Amino acid sequence: TMQEEEFKWILQEEVHAVLKQLQDILKEASHRFALPASGSGGAVKQENFVLSTSGTDQVKGVLTLQGDALCQADVNLKMPRNNQLLHFAFREDKQWKLQQIQDARNHVNQAIYLLTNRDVNYQFKTGLEVLKLMDAVMLQLSRARNRLTTPATLTLPEIASSGLTKMFTPALPPDILVNFYINLNKLCLTVYQLHVLQPSTTKNFKSAGGSILHNPGAMFEFGNQRYEVSHVHKVECVVPWLNDALVFFTVSLQLCQQLKDKISVFSSYWNYRPY
């Protein structure tokens, strides 16, 4: 019948065209993550970003990103108490890996593997086979996207004991905590200023749980000392290639979904055909 011919054509021709298109888009996406500088033998280029925020100049800084690593950070912090200016930067020998970028890239590569991991002349036999493949690819793409859109929740003691605090010179003062993370297409730096809670304080101590961003008033215990967050400064910068990657994920997920919808229409036709 016409239906059968059309379905056969979709399985033999259209599926392969869509898979090719997905491969091309995701290769573009993975190039964004690897960021090789053109003609430099594949070395990843360094990019500088100026951190800013609307409405406050308490924190200023420049970050240098090289692929998934922050290789330099230069931060100026104006203390509200006494307007004292603090400056700290990464030690020469240190860089901070952004796990979110690393993970997202791994998921993209996994999706590419799923799309390419069959023989050149391979023919799909059933709609179900294609649906399963699309689901597997979509799972990897959703995970890649979620890694960029959903930063990790951390407790304040986790931030305090993170390797990040040991990366700076001069060393961070004990009443300052910092955290870097990716949120969508932005690289974010949060600076927490703390004050020590005296044992005599009448404040009802309640330890704060995990959060992406903690608010002033959050309390925690670390190194036999109780602290409260007094000020929070969040500065960020847009990373254009992360924006590209997120667009590629959206387009790829739509392509997968369209192919699934088309196959499902035919499959339901086969399943409910009167004989």
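**The pocket and its surroundings**

Tutor: The largest pocket has a volume of about 280 Å³, the volume being the space filled by probe spheres set on grid points joined across faces, edges and corners. A pocket is an open set of points on a 1 Å grid over the protein atoms alone, where a 1.4 Å probe fits, with protein on both sides within 12 Å along at least five of seven lines; lining residues have an atom within 4 Å of a point. The model is predicted, so local features need pLDDT of at least 70 and side-chain atom pairs 80 or more, while totals for chains, interfaces and linings use all residues. Numbering starts from 1 along each chain as its sequence is written, and side-chain values use heavy atoms, without hydrogens or water.

Of the 16 residues that line the largest pocket, Trp96, Ala152, Leu154, Asn179 and Phe180 lie nearest its centre. By class, this lining has 10 nonpolar, four polar and two charged residues. Strand S5 (96-97), helix H2 (99-116) and strand S7 (176-183) each supply at least two lining residues, and S7 gives the most, with five. Helices (at least four residues) and strands (at least two) are DSSP runs.

From S7 the view widens to an open sheet of four strands in the order S7-S8-S10-S9, with antiparallel pairing, where two strands pair if DSSP finds at least two bridges between them. S7 is an edge strand of this sheet, as is strand S9 (219-222), and each pairs on one side only. On average, neighbouring strands here are turned by 40° against each other, direction ignored. Further in, strand S8 (residues 186-196) and strand S10 (residues 225-238) run antiparallel and are joined by 11 bridges, with Val191 standing opposite His233 in S10.

The helix that contributes to the lining, H2, has its axis within 8 Å of that of helix H3 (residues 127-149), and the two cross at roughly 165°, with axes fitted to C-alpha atoms over the stretch in contact and angles running from 0 to 180 degrees between N-to-C directions. H2 is therefore roughly antiparallel to H3, a label given to angles over 145 degrees.

Pairing is also found in strand S1 (residues 47-51) and strand S2 (residues 59-66), which are antiparallel over five bridges, with Leu51 opposite Gly61 in S2. S2 also pairs with strand S3 (residues 69-78) in the antiparallel sense, over eight bridges. Two residues lie between the strands in this hairpin of S2 and S3, where Gly67 takes a positive phi near 65°.

Terms used. Nonpolar A, V, L, I, M, F, W, Y, C, P; charged D, E, K, R; others polar. Parallel < 35°, antiparallel > 145°, perpendicular 65-115°, else oblique.
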